[in-house]
Amino acid sequence: MTALCPVCDAERAMRGLTRPKRGHIKARLLAYIECAGPQGLTVDDLERLTKLGHQSVSARVHELKAGGCIVAAGKRTNPSGKPATTWRALGADEVTGLLR
């Protein structure tokens with residue numbers, strides 16, 4: 001099931017937009033990752049949850065990592081049997097530590 005943002009989806013519908021903006025995608029992905037807790041989510045998990053394509057999800061995950069919002073939590077096997085990185089959000093204490 002895809003999580004929807006009623007405000008953003010209504011706004012997009014009013015403006016006739018059919019595709020979510022990149023910033024909105026990053027926010028959605030980060031929200032899913034935060035909700036997953038310390039075990040994190042893989043790109044495959046995020047694709048399944050959001051119904052977005054691999055390239056969109058992978059690129060936004062890379063941007064979240066580069067921005068210091070998420071870190072690798074470990075590895076787990078994806079549906080094709082290959083190891084996939086799990087991503088978790090930084091906790092408030094970790095973010096505070098980065099600011100010192």
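In this predicted model, Leu30 is buried, with a relative accessible area of 18%, a value that falls under the 20% cut-off for burial. The residue is found in helix α2, which covers residues 22–36. Leaving aside neighbours within four places in sequence, Leu30 is in contact with Leu64, Cys69, Ile70 and Ala89. The C-alpha atoms of Leu30 and Arg88 are separated by 8.8 Å, although these two residues stand 58 places apart along the chain.

One of the contacts of Leu30, Ile70, has a list of its own: beyond the neighbours within four places in sequence, Ile70 is in contact with Leu30, Ile33, Val61, Leu64, Lys65, Trp87, Arg88 and Ala89. Ile70 also belongs to the largest nonpolar core, which has 16 residues, and is listed with Leu29, Ile33, Leu46, Val57, Val61 and Trp87 as touching the most other members. Helices α2, α3 (43–50) and α4, together with strand β2 (83–89), each supply at least two residues of this core, and the largest share, 6 residues, comes from α2.

After α4 comes Gly68, whose phi is positive, near 80°.

| Residue | Relative accessible area | Class |
|---|---|---|
| Leu30 | 18% | buried |
| Cys69 | 31% | partly exposed |
| Cys35 | 71% | exposed |

A search of the whole structure finds 0 disulfides, and Cys69, which is partly exposed, is among the residues in contact with Leu30.

The protein chain averages a pLDDT of 80, and 69% of the residues score at least 70. Over residues 1–12, however, the pLDDT is below 50, and this stretch has 18 contacts in the model beyond near neighbours in sequence. Where pLDDT is low, the predicted coordinates should not be read in detail.

Methods:
Residues numbered from 1 in each chain as written. Predicted model: local features only at pLDDT ≥ 70, side-chain atom pairs only at ≥ 80, totals over all residues. Heavy atoms only, no water. Helix = DSSP H or I, 4+ residues; strand = E, 2+ residues; numbered from the N terminus. Buried < 20%, exposed > 50% of the residue type's maximum accessible area, 1.4 Å probe, protein only. Contact = heavy atoms within 4.5 Å. Disulfide = S-S within 2.5 Å. pLDDT = per-residue confidence, 0-100. Core = buried A, V, L, I, M, F, W, Y, C linked by side-chain atoms within 4.5 Å.
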